[in-house]
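Hi everyone, thanks for making time. Let's walk through some side chains together, with the model up on the screen.

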Amino acid sequence: MKILRKNLDDIKNLVCHALHDATEKVKTGRGDADTWMEEFSSLLQAKLTFNTICCKNFSDLNSFDFLKEEIEKGLESIVKELRSLSLDEMKKFRMKPDQILIDQLCNCCWVKCPFCAAVCTNTLKDHSPDKHKVTFHRPAGITGFHWKGIKDLDIDFCTTSVASDRGFIPSHSEVSIPYKRYQTAGMKYASWMIIPDESKLTYWKWFVCTFQKELEDHYNMRFQGRGENPRQWRYYSKQEAIESLEEM
């Protein structure tokens, strides 16, 4: 409540100063109601957001001092009423944090990469014709993606795979598709834009090594053979993993 009252006082003071300055400037320059409103609005727009105010009802106004006094009276009444509100009454007007998160997150795009299941980072739910994309992909083995016929989980990042000469077999087919032509494998793949590069977030290297056993037990497969974790990945610390997320 102290913060609310301080904000109210700050706004009141801001408006009062703007009223005084606008009135004095128009009186000195012999301006009209449009000039007064333009000056008054310009003094407030940097700190307050409000709808455009129409001046047609003030076109025959002669006394700007009278206008200033009437606005100050109305402002004083509003501030007094708001200061009298209880905390319980204020909560009725406050949007709950969970509702804010629901409104923001539920309207985003939640489509997952067909290889590593990273969630599209586009903030619009329906953003066609723009392709789905993420800043950083993950090792495909995190989702259980593995080499056909054996239990070796795929350790490669999607960005590395689509730059390689390897191929993959889509979930709906038995025909191998070159990774470089992944978008020809069907709509689930065609709707994604995966840039072929060597971007590999340290966090996911640390994650795969740290939770290797849990992932292997979950999918009943192994990070071995073609999917063996690179030795250097094991030297990344948790702090380095966290710092890589902050850099992202």
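F115 is buried, with a relative accessible area of 3%; buried here means under 20% relative accessible area, exposed means over 50%, and partly exposed is in between, with a 1.4 Å probe and protein chains only. Before I go on: this is a predicted model, where local features need pLDDT of at least 70 and side-chain atom pairs count only at pLDDT 80 or more, while totals for chains, interfaces and linings use all residues. Residues are numbered from 1 along each chain as its sequence is written, and side-chain values use heavy atoms, leaving out hydrogens and water.

Now, the aromatic rings. How many aromatic pairs does the structure hold? There are 15 aromatic pairs. Rings of Phe, Tyr and Trp (for Trp, the six-membered ring) pair if their centres lie within 6.5 Å; planes under 30 degrees apart count as stacked, over 60 as edge-to-face, and the rest as tilted.

One of them is W36 with F40, a stacked pair at 5.0 Å centre to centre and 15° between the planes. These two sit 4 residues apart in helix 2 (residues 33-44), so about one helical turn separates W36 from F40. Helices, by the way, are DSSP runs of H or I with at least four residues, strands are runs of E with at least two, and both are numbered from the N terminus. W36 is buried at 1% relative accessible area, and F40 is buried too, at 9%.

Back to F115: why is its pair with Y179 called tilted? The ring centres are 5.4 Å apart and the planes are at 50°, so the pair counts as tilted. F115 lies in the loop between helix 5 (97-105) and helix 6 (158-161), and Y179 in the loop between strand 2 (177-178) and helix 7 (187-190), so this pair ties together parts 64 residues apart in sequence. Y179 is buried, with a relative accessible area of 2%. Ring pairs also link F115 and Y179 into a cluster with F145, F168, Y182 and Y189.

For a contrast in setting, look at F66. You'll find F66 in helix 3 (residues 64-83), and at 47% relative accessibility F66 counts as partly exposed. F66 and T23 are 43 residues apart along the chain, and their C-alpha atoms are separated by 10.0 Å.

Last stop: E240. That residue belongs to helix 10 (residues 238-247) and is partly exposed, at 37% relative accessibility. Happy to take questions!
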